[in-house]
Amino acid sequence: MQVKTFKRGTHPPEFKELAADKKIEEIPLPENVFISLSQHIGAPCKPIVKPGDEVKTGQLIAEGEGFVTSQVHASLSGKVKKIDKYPSPIGTKPTMIQIESDGNDEPLQEWTEEDWHKLSIEEMKNRIAKAGIVGMGGAAFPTNVKLSPPEKKPIDTFIINGCECEPFLTADHRMMLENSDKLLEGTRIIMKILGAKRTIIGIEENKLDAIELLNKKTASESNISVQPVKTKYPQGAEKNLIDALLKRKVPAGGLPMDVGVVVNNVGTAIAVPQAVKTKKPLIERVVTVTGQGIKEPKNLRVRIGTPFKNLIEYCGGLTPDTKKIINGGPMMGIAQYTIDVPVIKGTSGVLALTEDITQKAKEFTCIRCGSCVETCPMGLVPTRLVRLIEFDKLNMAEEMGTMSCIECGSCAYVCPSNIPLVQRIKVGKQLINEKNN
Amino acid sequence: MAKKNSEEQRFTLSSSPHLSKEDDVNKIMNTVIMALVPAIAFSVYHFGWDSLLTIMVAAGSCLATEYLIKKMRKREVTDTSSLLTGILLAMTLPPGLGIGFVMLGSVFAIAIGKEIFGGLGYNIFNPALLGRAFLQASFPVKMTTWEAPQHLAMDAKSFATPLGGYKFGESVIQNAGDYIDGLIMGNVGGCIGETSAIAIILGGVFILVKKYADWRIPVSYLGTVFVLGGIFWLISPANYPDPIFHLFSGGLMIGAFFMATDMVTSPVTPLGSWIFGIGAGVIVILIRLFGGLPEGVMYSIIFMNAFVPLIDRYTRPKYFGEVKK
């Protein structure tokens, strides 16, 4: 089969072999979970429980207000111990609800299955919203919002993003192998909600087993196809994936729905059937715990709110030369100063990197080699943008597309002068936003 | 144990990405120097140990100049780019120029060609070529006196280069054998490091494969010289040399692979690289056929260097999903 891809990009070492063959394991319930009230894009939730309350697994404990928001639920049963600000893996210190486990994991109700074919589209969307499902690839955008495009923007194609282009991470890969039926059921549900004619599952060719398995399982369904894409970073970036699969270019500042497409991550699609069929909320996710600093890398199914510490301990602990702990992958993930931070809905990986991998070489001046230009998946000229931003020429930087930067980090990765290009462009984006507001 | 871990372990905080490619400026410079070894080796065989001495003097003077200026500016020398500049300058000098001239050119190349602009990355013109242009303008006779290659056993103090031969009517290259042995292998007169096309191409292809030079530049530069030179030759074979001669004579090969591809002084955009190469190619042919000088490679590159900021400005690629206003 023909392999598709996008223009430019780079190919960092994959390091997938550390965990790619490790079956998803369930870890023992933690003693405490810390459930963040802002783990999604949009307004934070307001708690509806107070310290001392008893909660059951799956019980709603905080609600969002407005359209772009989400709900959070107790991920195990026990007592609400504290509602306070704790460090979160996205670098902020939001309010979290600490629940002390009673060890029983007592569910709120019995989650009985219904046939989703009999449900209305509104009811299905409602169930997805109430289950607190958000994009599980990292951005954590509320899924029900994504599945409600305005009528003026009809969706003809639904894309499942199975690229998992970040090095090290293998959670999506394992889920495609172990939960393929759920994935396909979720796909059918989402297709019905969107009214999309077809689904394309885009998978990087370094996951041949997943491509073969899903090909076999979708052989009889003409409206679902599996498309191998080149193993190249950032193949899984939404706009680049759409470009690779459909040759459609999302206009700058626009959304995939502007070109008739909705993209969901593998984990998100897998979470959908449970929510729609049983109304059981999202209380767990699969996390890859990996990196040279982890003694035994693994893929784990964990309750939302479980501290990183528990995951790392379950994987044999850290090696002494661990220098960095990262929430997510090495290209876009966020460095942590403590392993007490909890897993949130967008945590795809817990990465421990050792000194030899993270050591930064000295920064030189730009030698105008053009590597960043040849790599930028958005067609920007990073070296020029950075210089404009440094000299406070924000209008010109904006004109040259600074706001289109997807912060994938490819420019900084390839730069032979070790200039923190993407980091400075991120600052520039903030400055431009401030200027415009 | 876990408690101890979270309390005592100090983790590094930094913004993503957390990986970086193993290239750095010095690795690039050193690789380009390595790529020049075949050409240097041939020059020693061809012109004798004198040429190695010239190369070492030039490299040493460049490094010393850089060190002194950096010291005055209270900075440190952090890269080996000045060594490369020195070697490249030496390659473009006629054999037997004299140590004093070599040193003078080297000081000019680094001081005026590079450091005055702020050092590596900020210079507008290729420093090695600027050093050579300075020597050419200041000592035109010295710079165009060609010693015969040592192993050709000729007593002649002055020796015509293929291009000079063409320009001043005493053709050196006449039959097919002259092309292969003379132009391609390098058994002709000329500057220290420019005579052997094959040795230069060997190193040049190496840096193209390593992606330390933009392939678009040599392709468009050499291609333009070949096509444009070919057009003139087809019009009047009696008056104009053939395109193969153009391609392999003078400093075109070293210019195309090692000078025009200098990252700092060439465009950063892919389209810009094409324009840069084509422009330089046109200028080479114009100077060679209609100018007062036999060779135009040096000026063609320096001239196009000046246009690089402008080229970069007007060849910015359209970014993803850009809507033209």
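## Chain B: contact range and composition

In chain B, 71% of the contacts between residues at least 6 apart in sequence join residues at least 24 apart; two residues are in contact if their C-beta atoms, placed from the backbone, lie within 7 Å. The model is predicted: local features need pLDDT of at least 70, side-chain atom pairs count only at pLDDT 80 or more, and totals for chains, interfaces and linings use all residues. Residues are numbered from 1 along each chain as its sequence is written, and chains are lettered from A and ligands numbered from 1 in the order in which they are written.

Chain B holds 16 helices and zero strands. Helices (H or I, at least four residues) and strands (E, at least two) are DSSP runs, numbered from the N terminus. Of the 325 residues in chain B, 51% are buried; a residue is buried if 20 or more other C-beta atoms lie within 10 Å of its own, exposed if 12 or fewer, and partly exposed in between.

## Helix packing in chain B

Two packed helices are described by the angle between their axes and the distance between the axes. In chain B, helix α5 (residues 81-91) packs with helix α7 (residues 127-138) at an angle of about 45°, the axes being 8 Å apart. Axes are lines fitted to C-alpha atoms, for helices over the stretch in contact, and angles run from 0 to 180 degrees between N-to-C directions. The helices α5(B) and α7(B) are therefore oblique to each other: angles under 35 degrees count as roughly parallel, over 145 as roughly antiparallel, 65 to 115 as roughly perpendicular and the rest as oblique.

The crossing of α5(B) and α7(B) is right-handed; a crossing is left-handed if the near helix is turned anticlockwise from the far one by less than a right angle, and right-handed if clockwise. From α5(B), B:Thr85, B:Leu88 and B:Leu89 meet B:Pro127, B:Ala128, B:Gly131 and B:Arg132 of α7(B). This contact of α5(B) with α7(B) has four nonpolar, two polar and one charged residues, where Ala, Val, Leu, Ile, Met, Phe, Trp, Tyr, Cys and Pro count as nonpolar, Asp, Glu, Lys and Arg as charged, and the others, Gly among them, as polar.

## Helix packing in chain A

In chain A, the axes of α11 (residues 382-390) and α14 (residues 421-436) come within 9 Å and cross at roughly 50°. That angle makes α11(A) oblique to α14(A), and their crossing is left-handed. The contact involves A:Pro382, A:Thr383, A:Leu385, A:Val386 and A:Ile389 of α11(A), together with A:Leu421, A:Arg424, A:Ile425, A:Val427, A:Gly428 and A:Leu431 of α14(A). By class, eight of the residues in the contact of α11(A) with α14(A) are nonpolar, two polar and one charged.

## Domains and a loop residue of chain A

The domain assignment, automatic or from a database, gives chain A domain 1 (112-278) and domain 2 (371-436). Their centres, taken over C-alpha atoms, are separated by 30 Å. Six residues of domain 1 are in contact with seven residues of domain 2, and the domain 1 side divides into four nonpolar, two polar and no charged residues.

A:Gly66 is found in the loop between β5 (60-63) and β6 (72-73) of chain A. A:Gly66 is exposed, with 7 other C-beta atoms within 10 Å. A:Gly66 and A:Leu380 are 314 residues apart in sequence and 35 Å apart in space, C-alpha to C-alpha.

## Interface of chains A and B

The contact takes 57 residues from chain A and 36 residues from chain B. On the chain A side, the elements giving two or more residues are α8 (308-314), β15 (322-327), β16 (334-336), α9 (355-358), α13 (410-414) and α14. The largest share, four residues, comes from β15(A). By class, the side of chain A that touches chain B has 32 nonpolar, 15 polar and ten charged residues.
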